[in-house]
Amino acid sequence: MSALTYKILHLLGVLLAFTALGGATLRALAGTGEDAAGRKLAGITHGVALLLILISGFGMLAKLGYDFPFPLWVWLKIVIWLLIGASVAVIRRLPAQATTFWFALPVLGATAAYLAIYKPF
Ligand code: HEM
C-alpha cells in the first residue's frame with residue numbers, strides 16, 4: 001500500500017473518530033441514559049477509528065522511511081492518539097465538562113495535524 005493510500009485511511013480514521021466523539025459529547029450534553037441508542041454505534045466507530053489511525057500512521061512512517069527511534073513529533077502524536085482514545089470514556093464520566101470537550105478535542109486534532117504537516121521537532 002502506498003503512503004498516500006495510508007494517508008487517506010488515516011484521514012478516514014480521523015473523520016470517524018471525531019464523528020463518534022461529537023456524538024458522544026452531544027449524548028453527554030443531553031444527559032442521555034446509559035442504554036440509549038447511539039452509544040454502541042459511537043463506541044464501535046471510535047474503536048475502529050483509533051485502530052485505523054494507528055495502523056495507517058505506522059504504515060506511513062514505514063513508507064516514508066522513518067525508523068526507531070522516531071522523532072518527537074511522532075511521539076507527541078501517539079500521546080494525542082492516547083488522549084483521543086481515552087476521551088470517549090472521560091466524556092461519559094464528566095458530562096458537566098461536555099462543552100469543554102466539544103471545543104478542546106478539535107484543537108487536539110488540529111495539533112496532531114500541525115505536528116504531521118510542520119514536523120517542528
Ligand atoms: C488522533 C490522532 C491523530 C490525528 C488527528 C492525526 C492527523 C493527521 C493528519 C490530518 C495528517 C495529514 C497531514 C498532511 O496533510 O500531510 C496526518 C499525517 C500523518 N500522521 Fe497522523 N494523526 C493522528 C495520529 C497519528 C499517529 C498515532 C501516528 C503514528 C503512529 C501518525 C502518523 C502520521 C504520519 C506519518 C503522517 C504523514 C506525514 C507526512 O505525510 O509527512 N498520526 N495525521
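## A helix and its neighbours

Let's begin with helix α3, whose 22 residues should span 32 Å at 1.5 Å a residue; its end C-alpha atoms lie 31 Å apart, which agrees. Bear in mind as you look that this is a predicted model. Which residues of α3 are buried? They are Trp73, Val74, Lys77, Ile80, Ile84, Ser87, Val88 and Ile91.

Together with His10, Lys77 coordinates the iron atom of the ligand: the atoms involved are NE2 of His10 and NZ of Lys77, at 1.8 to 2.0 Å. His10 sits in helix α1 (residues 3–30) and Lys77 in helix α3 (residues 72–93), so this pair ties together parts that are 67 residues apart in sequence. Why is the arrangement around the iron atom of the ligand octahedral? Its six donor atoms subtend angles of 79 to 177 degrees, which makes it so. For comparison, the ideal angles for six octahedral donors are 90 or 180 degrees.

Next, compare how much of some residues is accessible. Buried means under 20% relative accessible area, and exposed means over 50%, with partly exposed in between.

| Residue | Relative accessibility | Class |
|---|---|---|
| Trp73 | 8% | buried |
| His10 | 11% | buried |
| Tyr66 | 25% | partly exposed |
| Ala30 | 61% | exposed |

The model has six aromatic pairs. In one of them, the ring centres of Tyr66 and Trp73 are 5.7 Å apart and the planes are at 85 degrees, so the pair is edge-to-face. Elsewhere, ring pairs link Phe58, Phe68, Phe70 and Trp75 into a cluster.

Finally, go back to helix α1, where you will find Ala30. How far is the C-alpha atom of Ala30 from that of Gly65? The two residues are 35 residues apart along the chain, and their C-alpha atoms are separated by 46 Å.

How values were computed:
Residues numbered from 1 in each chain as written. Predicted model: local features only at pLDDT ≥ 70, side-chain atom pairs only at ≥ 80, totals over all residues. Heavy atoms only, no water. Donors = N, O, S within 2.8 Å, 3.2 Å for Na, K, Ca; no water. Tetrahedral: all angles 85-135°; square planar, octahedral: opposite > 155°, others 65-115°. Helix = DSSP H or I, 4+ residues; strand = E, 2+ residues; numbered from the N terminus. Buried < 20%, exposed > 50% of the residue type's maximum accessible area, 1.4 Å probe, protein only. Phe/Tyr/Trp six-rings, centres within 6.5 Å; stacked < 30°, edge-to-face > 60°. Expected span 1.5 Å × (residues − 1).
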